[in-house]
Amino acid sequence: MAAATFQCLSSSCFALPSKLRSISINGGSRSSSLSFSASLSPDVFSKGCLSMRPGRRSVVVVCEAAPTKKADSAAKRARQAEKRRVYNKARKSEIKTRMKKVLEALDTLKKKQDAQAEEVIPIEKLIADAYSAIDKAVKVGTLHRNTGARRKSRLARRKKAIEIHHGWYTPTPAATA
């Protein structure tokens, strides 16, 4: 077999002896094998490419190191995204809980036969708290502004429906122009 020559094609290659035990090179009808031993210097393979010339044919084995981890900027983005996800999840959960409390209070008030108009005051306090949570979520970007407006409108409509149901509020007829 002809003398082996070593050359570097890429500086980002990893050290071959640490990753591989042997390389088999098939060149036409001939087949030769290269094994790493302790007598070989790791510096020879640290450049990343091995070129062998058995006979007339040249066989080049290129070993590129695959990226084993994300780039620092991508890892930072992933950490930031996870923080935002947890933060947004908590905000959305708070909104859902506050809306559920308002809707349950309105349902119990609707089922109550002898309800008084003053019983709406504690519910209005719950609605104000829900509005505040929704507005804060919209302000920081957790919710889209249209989503926030829709949720606030849903609460207001349900409250108005209860007031109409008990006769505490009578809508004015639409004026015809």
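Mentor: Reading along the sequence, the protein chain runs β-α-β-β-α-β-β-α-α-α. Keep in mind that this is a predicted model.

Trainee: How many helices and strands does the secondary structure come to?
Mentor: The protein chain has 5 helices and 5 strands.

Trainee: And what share of the 177 residues is buried?
Mentor: Buried residues account for 24% of the chain. As for the surface, the chain exposes about 12,900 Å², and 53% of that comes from carbon and sulfur atoms.

Trainee: How do I read a pair of packed helices?
Mentor: In general, you describe two packed helices by the angle between their axes and the distance between those axes.

Trainee: Which residues in α4 meet α5?
Mentor: On the α4 side they include Val120, Ile127, Tyr131 and Ile134, and among their partners in α5 are Arg151, Leu155 and Lys159. By class, this contact has 8 nonpolar, 1 polar and 7 charged residues.

Trainee: Now the largest nonpolar core. Which residues there touch the most other members?
Mentor: The core has 18 residues, and those touching the most other members are Ile95, Met99, Val102, Leu106, Leu109, Ile123 and Leu155. Helices α3 (72-111), α4 (120-140) and α5 (145-166) each supply at least two residues of this core.

Trainee: Can we zoom in on a couple of those?
Mentor: Start with Met99. Leaving out residues up to four places away in sequence, Met99 touches Ile134, Arg151, Arg154 and Leu155. Next comes Leu109, which lies in helix α3.

Trainee: Why does leucine 109 count as buried?
Mentor: The cut-off for buried is under 20% relative accessible area. Leucine 109 counts as buried because its relative accessibility is 4%.

Trainee: What does leucine 109 touch?
Mentor: With residues up to four places away in sequence left out, leucine 109 touches Ala115, Glu119, Val120, Ile123, Ile162, His166 and Trp168.

How values were computed
Residues are numbered from 1 along each chain as its sequence is written. This is a predicted model: local features need pLDDT of at least 70, side-chain atom pairs count only at pLDDT 80 or more; totals for chains, interfaces and linings use all residues. Side-chain values use heavy atoms; hydrogens and water are left out. A nonpolar core is a set of buried Ala, Val, Leu, Ile, Met, Phe, Trp, Tyr and Cys residues joined through side-chain atoms within 4.5 Å. Buried means under 20% relative accessible area, exposed over 50%, partly exposed in between (1.4 Å probe, protein chains only). Helices (H or I, at least four residues) and strands (E, at least two) are DSSP runs, numbered from the N terminus. Contact means heavy atoms within 4.5 Å. Ala, Val, Leu, Ile, Met, Phe, Trp, Tyr, Cys and Pro count as nonpolar, Asp, Glu, Lys and Arg as charged, and the others, Gly among them, as polar. Accessible areas come from the Shrake-Rupley method with a 1.4 Å probe; for residues, only the protein chains shown count as cover.
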